[in-house]
Amino acid sequence: MTVTTDQEHRARPAGGSGSRKLLDTVLKVRELAIGAVLVVMLLATQLDNSDFLSQQGIKDLLLNATILVLVAVGQAMVVITRNVDLSVGSTLGISAFAAGDYLSGGGNPLVAVVLAVLLGAALGAVNGLLVSLGRVPALVVTLGTLYIIRGLDSVWVGSRQITASQLPSGFAGFGHDGLSVIPYLALLTAAVLVCVAYYLRAYRGGRDLYALGSNPEAARLAGVPVRRRILTAYVVCGALAGLAGALYLARFGNVDSGTGTGYELTVVSAVVVGGVAFTGGSGTVYGAALGALLLTSINSVLPSIGVSSVWVQAIDGFLLLLAIAVDRVVALRVADLLRKRAAETRSARHA
Amino acid sequence: MTQAAPETPPVLALEGVSKSFGAVHALRGVSLRLHAGEAHALAGENGAGKSTLIKTLAGVHRPDTGVVLLDGEPVEFHGPADARDAGVAVIYQEPTLFPDLSVAENIFVGRQPRRSFGRVDHRAVRQAAADLFRRLGVALEPDQPARGLSIADQQLVEIAKALSFDARVLVMDEPTAALTGSEVARLFGVVRALREQGAAVLFISHRLDEVFALCQRVTTLRDGALIASEPVDGLTEDDLVRRMVGRDLDELYPKQDAKIGGVALSVRRLTREGVFTDVSFDVRHGEIVGLAGLVGAGRSEVARAVFGVDRWDGGEVEVDGRPLPPGAPSLAMAAGLALVPEDRRAEGLVMDMSIERNINLTGFASTSRAGVMRRGAERSRAVDWAVRLQVKYARLADAVSTLSGGNQQKVVLAKWLATDPGVLIVDEPTRGIDVGTKAEVHRLLSQLAADGVAVLMISSDLPEVLAMADRVLVMHEGRLAADLTRAEATEESVMAAATGRGRSAA
């Protein structure tokens, strides 16, 4: 910009800084709150059962969380754009079987992982194209692809099964071992998490995802390549579901045509509990990861404090409703505060 | 004045552009030439095609026929990004912000300054936004979220957005509607500086004095067609109004004498925090009360609160002496209140439903027996009102989306008049409808008042308010600034109150 009209006029200290801090705090607190709930829950369980946070216990917690965290990170990217991908469970299942099928024929483990990622990315691209070109609600499109991919999986797999004995031992080892208490799978997941979070924060493509989730029409008018961005989000989401499939194979060694069934709902819960708004435009992948960690930890916590695991689903559901209720209340209060503050600023300015 | 030499081609031009949406011809063979260093005004009534023209320049719409010329060469904008890359900056009438992003990010979406490895330089984004705000002289924090900004502040962010790149063409669609006098003056200072540096400016405003203050040429549209394109020098405001309206104003505003009766609607100290404060007024049977003010002054919000769409924080509303509970539109309807909303497509109609169904949305009580709808009663109710209001339609079963804007508005009116209201609130009743239908709507409102209905008419169309209203209330920034009798209400007195200048005089 080259024009200068009036240099000496300085903007007055704005009344907006208060509301900014307020909102910042709320957003940070949103993730802090989940973290706090998680820590309290784990510590309380440890007090009740001192074996809970043993070396093996921590390792199990992390191993259980990794796969869900990976898929939740991808899902969060899609949800930030005000869309959703329900086909992730099916994608995970078919990718896991593809990798297993290839490995049981004597393939290279690294190639198997790449294969799973590529297959997932391809399925994500199909979703992305359908959603961005077809202008059909993502919920319906991906519900369709959920069944289609699951159907193809069943036809291809039939009654076959991949078992741990068919896999190279190094691959299974990768699924179990780690650096002291931290499994390799968790390290890989953490690396992915940090990369995606950084992309969303520091790159135009990432910022555009927030913009188009916040106000799709404004994004279009601002020249954001809406279709390409949505496609990217779906491809990444699919690729991460594929990667999660490969890790699933490494961890459990057992894959059939039903692998990953119903997983999409757990993933969506994790994302929402983690503070990624279903209405798009807000939330972080760190929040989604924390949500996933929280949900999987409950699975481990309940048995170790002697609560029957039949309660797990009910408690997950309760957490989901609680998370949404908290978000709604906070959003209303913030809107109220901002409205009043804006009025004060305005009247102060014209006084 | 810097007048471009005639031989240099215009920076951006439209030649013979037409654009239709379904049966509606938004633009018919319109040409427009924007020269470097010239501020060009676009005049026309609501619905004359100005917004469509702007969106064609901005790459949002592609013309059905005709061409867009950039530096004299035909060019095809495939989307807003193409137009932006060609140096066209647009400030839209409705702010298009991202509520979840910070103000600074809003300004630079898709164009953020970058540092190594293509990463967004958040600090530079903030700094650049702060610089822009300083130049515009506004007190906005780059880091605050866009959510919760007042309309005026949102508009300022839009202006900052448009100024943030070296635009060769700056298009402004009513940028000043929500701004105060000093903010307008500062904006004009920036625009003049840009123009002197060789930018072409296209300016739209309903405040004609602004057109005369800022622009060198003016192009007038009416019903999608080009009426005139001429230098501003030598024109008067009356000339411009005549070109825009295209007929004598008298026949447009038939006003019958009505017997003013008792108080129908009484609003006392109504407050919704941050939106409007301490609003008190009465509307009597047989009276048309105009509610004027600038966009964002809180007029529609008062109407929404009175009708119960939004809750109020304090105050009272009475209809025919009986208090109305807050936040209950169905009770307001039962008390005889009707609200014809501002945005008929989003709030007034279900666009994909038939004319008959739309009219009967308010009629469940009168067309059903024991909870079961009676098709015959529904049909005759719809036919009755469609004919009374002279809605032009092929079949009652047609979707309302197939009707023209004016006929859609008649359907909304029919929907509410069929409830036999004692108090009718109409919000921008003639926005975006053609002149002929406009006169019909005015005649209808006048007739209703003569029949004893209390009418509260919100309108930004000042001549309409002055001609139709028995009394004019003026709002300024959420407060009632003036209550003028028909004799006191003039263009000057209403605008003075609406812009906050009237306070000392009143």
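Accessible areas here come from the Shrake-Rupley method with a 1.4 Å probe, and for residues only the protein chains shown count as cover. This is a predicted model, in which local features need pLDDT of at least 70, side-chain atom pairs count only at pLDDT 80 or more, and totals for chains, interfaces and linings use all residues. Residues are numbered from 1 along each chain as its sequence is written, chains are lettered from A and ligands numbered from 1 in the order in which they are written, and side-chain values use heavy atoms, with hydrogens and water left out.

**Exercise 1.** Describe the surface and burial of chain A.

Solution. Start with the surface: chain A has about 15,600 Å² of accessible area, 66% of it from carbon and sulfur atoms. Next, take burial (under 20% relative accessible area, 1.4 Å probe, protein chains only). Of the 351 residues in chain A, 49% are buried.

**Exercise 2.** Work out the helix content of residues 230-250 and 262-278 of chain A.

Solution. First, recall that helices are DSSP runs (H or I, at least four residues) and strands are too (E, at least two), numbered from the N terminus. Chain A holds 13 helices and two strands. An unreviewed UniProt entry lists several spans of chain A as "transmembrane region", including 230-250 and 262-278; such annotations may be inferred rather than shown by experiment. Now look at each span. Residues 230-250 of chain A are 100% helix and 0% strand, with end C-alpha atoms 30 Å apart. Residues 262-278 of chain A are 65% helix and 0% strand, and their end C-alpha atoms lie 19 Å apart.

How values were computed: Buried < 20%, exposed > 50% of the residue type's maximum accessible area, 1.4 Å probe, protein only.
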